[in-house]
Amino acid sequence: MPARPPLKRRIDRIVIHTAAAASRGRPVDQEPGTLKAWWLKLGWTRVGYHRYIRFDGRVYELSDLERQTNGVEGMNAHSAHVCFSGHGDFAAPTEAQWKSSVGVVCDIALRSGLAPTILVNPMWVLGHRECY
């Protein structure tokens with residue numbers, strides 16, 4: 001895979017989310033379009049995440065990393081947001097999601113220049129609930 005260009009936008013945190021999609025206490029593997037429609041229904045002008053990872057490990061780009069999203073109030077200007085399909089309160093991400101997330105986080109960290117910082121202190125990659 002060819003190297004991707006460095007980012008112009010400063011990113012100093014990567015935040016991991018789950019879509020909080022469940023039915024009858026079981027996580028749901030939502031289509032990216034369903035997730036986007038939910039954000040718009042809430043009145044947001046853009047989605048909350050940059051990357052979205054389905055149960056089978058497929059990765060979708062929901063927003064360009066150069067654009068700010070609505071992932072965590074007060075932290076969006078300089079953060080990138082990665083979302084796992086499903087619901088973290090009911091089940092952990094699948095093995096395929098974890099495997100894909102490594103590549104996604106590494107790509108963001110390398111392109112943003114955050115990789116050396118993460119190697120010294122991995123707490124620059126946070127879960128959404130750790131942001132409050």
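**Charged pairs and beyond**

Tutor: The side chains of Asp12 and Arg10 meet in a salt bridge, with 3.0 Å from N to O; a salt bridge here is a side-chain nitrogen of Lys or Arg within 4 Å of a carboxyl oxygen of Asp or Glu. This is a predicted model, in which local features need pLDDT of at least 70 and side-chain atom pairs count only at pLDDT 80 or more, while totals for chains, interfaces and linings use all residues. Residues are numbered from 1 along each chain as its sequence is written, and side-chain values use heavy atoms, with hydrogens and water left out.

Student: Is Asp12 buried, partly exposed or exposed?

Tutor: Asp12 is partly exposed, because its relative accessible area is 24%; buried means under 20%, exposed means over 50%, and partly exposed lies in between, with a 1.4 Å probe and protein chains only.

Student: How many salt bridges turn up in the whole structure?

Tutor: A search of the whole structure finds eight. Among them, the side chains of Arg54 and Asp29 meet at 2.9 Å, N to O. That pair links distant parts of the chain, since Arg54 is in the loop between E4 and E5 while Asp29 is in the loop between E3 and H1, 25 residues apart. In these names, H marks helices (DSSP runs of H or I, at least four residues) and E marks strands (runs of E, at least two), numbered from the N terminus.

Student: What about Arg54 and Glu31?

Tutor: The side chains of Arg54 and Glu31 also meet in a salt bridge, at 3.5 Å, N to O. Here too the pair links distant parts of the chain, with Glu31 in the loop between E3 and H1, 23 residues apart from Arg54. Arg54 counts as buried because its relative accessible area is 5%, whereas Glu31, at 47%, counts as partly exposed.

Student: Switching topic, where is His17, and is it buried or exposed?

Tutor: His17 is found in strand E1, and it counts as buried because its relative accessibility is 4%. A polar contact of 2.9 Å joins the side chains of His17 and His81; a polar contact is a pair of N or O atoms within 3.5 Å, where within protein one must be able to donate a hydrogen and the other to accept it, and residues adjacent in sequence count only if both atoms are side-chain atoms. Leaving aside residues up to four places away in sequence, His17 touches several others, including Tyr49, Val72, Phe84 and His128, where contact means heavy atoms within 4.5 Å.

Student: And helix H2, what span should it have?

Tutor: Helix H2 has 18 residues, 95-112, and at 1.5 Å a residue it should span 26 Å, which agrees with its end C-alpha atoms being 26 Å apart; the expected span is 1.5 Å times one less than the number of residues. Its buried residues, which include Val104, Val105 and Ile108, pack against E1, E4, E5, E6, H3 and E7. Just after H2, Gly113 takes a positive phi of about 80 degrees.

Student: Which residue other than glycine has a positive phi?

Tutor: One of them is Arg24, with phi near 55 degrees, and its place is in the loop between E2 and strand E3. Arg24 is exposed, because its relative accessible area is 83%. Most residues other than glycine have a negative phi.
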